[in-house]
Amino acid sequence: APPAAPSSPAPGPRAEEAPLGEDRGDFLTDVARAYLYPMQPMTPLIVLGVAVVAGSLGYIPLVGPFLSAGLWVSLVFGATRVAASGRDELPGMEFEGFYEMALPGVRFLLALFVPALLLGLLYAAAGAGSASVEALLTGDARFTFGSVPVLFWVAFLTWLVYLPASLILAAHSTGCLGGLNLVGGVTLIVREPIGYALTLAGVAPATAMLVAIWAVAGAVDALVPVPFVVGVVGDALALIPAMVIGRILGLFIWHHEHELGF
């Protein structure tokens with residue numbers, strides 16, 4: 001008897017191959033959805049708890065501000081790492097000691113102030129150079145930090161543009177060097193300039209919300225004689241746009257990690 005026919009046809013050439021890599025959707029769509037990220041049932045409890053504990057730690061002498069900033073920033077950096085791994089849940093925070101709690105705050109401060117300090121030095125050097133030229137030509141050097149406003153605004157805008165890259169490196173590092181990696185920050189921008197520009201546009205409204213909340217909290221704090229309560233409420237509300245910023249920075253990594261070399 002002839003052999004039975006196979007139950008399925010022999011494998012042949014496929015009509016089409018599956019696309020390489022994972023389809024991660026549209027970056028702009030995910031950036032817009034990032035503003036809904038804090039709208040989760042546990043968000044009020046988490047941001048209020050972090051604000052209360054961070055505010056209480058701030059009263060510890062010497063190390064209190066670092067512990068307070070570290071706890072507050074840990075939630076934002078956690079949102080960055082969660083988004084960079086393609087997940088949607090709220091970040092968790094676990095610390096084995098005060099050192100691990102303070103370290104994110106140190107990384108944040110370094111990422112914030114080191115680029116500003118370097119640009120300030122370059123601005124001062126350029127301004128002093130222009131004053132030297134003026135002194136040679138006129139015999140009167142009149143340089144002040146306000147005498148070259150164009151250089152000041154160039155330095156300030158450069159710092160604003162670079163800051164998200166600095167924060168991304170700070171969020172993904174384990175030591176204190178993340179915010180000091182200027183070469184790495186510039187590399188992020190150069191390798192994906194369009195995506196980085198869209199990231200800047202995405203975080204701009206959330207940054208404005210964050211600054212506005214802190215400004216209002218500071219004004220109320222000056223009028224109401226219960227600064228701890230006002231400060232805690234202000235920090236809790238400020239955490240909401242801060243988490244949006246952290247998520248957008250993480251989405252930049254998630255959507256462009258191949259180009260960025262992550």
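Reader: Why are helix 2 and helix 3 called roughly antiparallel?

Author: In this predicted model, the axes of helix 2 and helix 3 (residues 64–84) cross at roughly 165° and come within 7 Å. Axes here are lines fitted to C-alpha atoms, for helices over the stretch in contact, and angles run from 0 to 180 degrees between N-to-C directions. Angles under 35 degrees count as roughly parallel, over 145 as roughly antiparallel, 65 to 115 as roughly perpendicular and the rest as oblique, and helix 2 and helix 3 are therefore roughly antiparallel to each other.

Reader: What makes up the contact between helix 2 and helix 3?

Author: With contact meaning heavy atoms within 4.5 Å, helix 2 contributes Ile46, Val47, Val50, Val53, Ala54, Gly55 and Leu57, and helix 3 contributes Gly64, Leu67, Ser68, Leu71, Trp72 and Leu75. By class these residues are 10 nonpolar, 3 polar and no charged, where Ala, Val, Leu, Ile, Met, Phe, Trp, Tyr, Cys and Pro count as nonpolar, Asp, Glu, Lys and Arg as charged, and the others, Gly among them, as polar.

Reader: What makes helix 2 oblique to helix 8?

Author: Helix 2 (residues 43–57) and helix 8 (residues 227–260) pack at an angle of about 130°, and their axes are 8 Å apart. That angle makes helix 2 oblique to helix 8. On the helix 8 side, the residues in contact are Phe228, Val232, Asp235, Ala236, Leu239 and Met243, and the contact as a whole has 10 nonpolar, 2 polar and 1 charged residues.

Reader: How do you know that helix 7 and helix 8 are roughly antiparallel?

Author: The axes of helix 7 (residues 193–223) and helix 8 cross at roughly 175° and come within 9 Å, and the two helices are therefore roughly antiparallel to each other. The residues of their contact divide into 19 nonpolar, 6 polar and 2 charged.

Reader: Why does histidine 255 count as buried?

Author: Histidine 255, which lies in helix 8, has a relative accessible area of 15% and is therefore buried, given that buried means under 20% relative accessible area, exposed over 50% and partly exposed in between (1.4 Å probe, protein chains only). Leaving aside neighbours within four places in sequence, histidine 255 is in contact with Arg24, Gly25, Asp26, Phe27 and Asp30.

Reader: What makes the pairing of the side chains of histidine 255 and aspartate 30 a polar contact?

Author: The two side chains approach to 2.7 Å, and a polar contact is a pair of N or O atoms within 3.5 Å; within protein, one must be able to donate a hydrogen and the other to accept it, and residues adjacent in sequence count only if both atoms are side-chain atoms. Histidine 255 and aspartate 30 are 225 residues apart along the chain, while their C-alpha atoms are separated by 9.5 Å.

Reader: How do you know that histidine 256 is buried?

Author: Histidine 256, found in helix 8, has 9% relative accessibility and so counts as buried. A polar atom of the histidine 256 side chain lies 2.9 Å from the backbone oxygen of phenylalanine 252.

Reader: Which conventions lie behind these values?

Author: Residues are numbered from 1 along each chain as its sequence is written, and side-chain values use heavy atoms, with hydrogens and water left out. Local features need pLDDT of at least 70 and side-chain atom pairs count only at pLDDT 80 or more, whereas totals for chains, interfaces and linings use all residues.

How values were computed
Helix = DSSP H or I, 4+ residues; strand = E, 2+ residues; numbered from the N terminus.
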